[in-house]
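Hi there,

Here is the structure I promised to pass on to you. Have a look at it first, and then read on for what turned up in it.

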Amino acid sequence: MLSSAEEALTLFRSGMKEYRAVVADVNLLKGTLSGWELARQLRQREPTFPVVYMTGAAANDWGSQGVPNSILLQKPFAPAQLVTAVSKLLNAVPPTHK
């Protein structure tokens with residue numbers, strides 16, 4: 001679990017570890033980038049990268065701010081909803097061979 005989009009982008013870009021999905025709060029508390037922007041930057045590098053957004057108040061912005069083929073969970077949500085959302089997106093993306 002990371003506290004800022006900048007930290008997530010640094011780790012993702014480093015290539016030290018392979019990440020398979022991101023779960024991002026739309027309104028991150030630290031840093032200058034939002035969860036929306038984090039997903040857009042990840043998708044620039046990996047166009048099919050699975051993205052799950054979570055928000056308590058910004059669900060109406062998903063259509064204009066969210067990336068295609070993502071899932072938005074409105075808070076509060078059950079842990080099983082998060083597991084289902086991530087599983088659904090991971091199963092939709094063909095595995096990459098690096």
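This is a predicted model: local features need pLDDT of at least 70, side-chain atom pairs count only at pLDDT 80 or more; totals for chains, interfaces and linings use all residues.

**What we found**

Strand S1 (residues 22-25) and strand S2 (residues 51-55) run parallel and are joined by four bridges. If you want a place to start looking, find Val-22, which stands opposite Val-51 in S2. Together with helix H2 (residues 35-45), S1 and S2 make up a β-α-β unit, and this unit is right-handed.

Next, the aromatic rings. The count of aromatic pairs comes to two. One of them is formed by Phe-12 and Phe-49, with 5.1 Å from centre to centre and 70° between the planes, an edge-to-face arrangement. Phe-12 belongs to helix H1 (residues 5-14), while Phe-49 sits in the loop between H2 and S2, so this pair ties together parts that are 37 residues apart in sequence. Both Phe-12 and Phe-49 are buried.

The rings of Trp-36 and Tyr-53 also pair: their centres are 4.6 Å apart and their planes stand at 55°, so this pair is tilted. Here, too, distant parts of the chain are linked, as Trp-36 is in helix H2 and Tyr-53 in strand S2, 17 residues apart. Trp-36 has a relative accessible area of 6%, so it counts as buried. Tyr-53 is buried as well, with a relative accessible area of 0%.

How do H1 and H2 lie relative to each other, roughly parallel or roughly perpendicular? Their axes come within 10 Å and cross at roughly 15°. Angles under 35 degrees count as roughly parallel, and H1 and H2 are therefore roughly parallel to each other. The crossing in which H1 passes H2 is right-handed.

- Pro-76 is part of the loop between strand S3 (71-74) and helix H4 (79-92).
- **Asn-69:** phi is near 55° here, a positive value in a residue other than glycine. You will find Asn-69 in the loop between helix H3 (62-65) and S3. Its relative accessibility is 68%, so Asn-69 counts as exposed.

Happy exploring, and do write back with any questions.

Best wishes

Technical notes. Residues are numbered from 1 along each chain as its sequence is written. Side-chain values use heavy atoms; hydrogens and water are left out. Two strands pair if DSSP finds at least two bridges between them. Helices (H or I, at least four residues) and strands (E, at least two) are DSSP runs, numbered from the N terminus. A crossover is right-handed if, with the strands pointing away from the viewer, the path from the first strand over the helix to the second runs clockwise. Rings of Phe, Tyr and Trp (its six-membered ring) pair if their centres lie within 6.5 Å; planes under 30 degrees apart count as stacked, over 60 as edge-to-face and the rest as tilted. Buried means under 20% relative accessible area, exposed over 50%, partly exposed in between (1.4 Å probe, protein chains only). Axes are lines fitted to C-alpha atoms, for helices over the stretch in contact, and angles run from 0 to 180 degrees between N-to-C directions. Angles under 35 degrees count as roughly parallel, over 145 as roughly antiparallel, 65 to 115 as roughly perpendicular and the rest as oblique. A crossing is left-handed if the near helix is turned anticlockwise from the far one by less than a right angle, and right-handed if clockwise.
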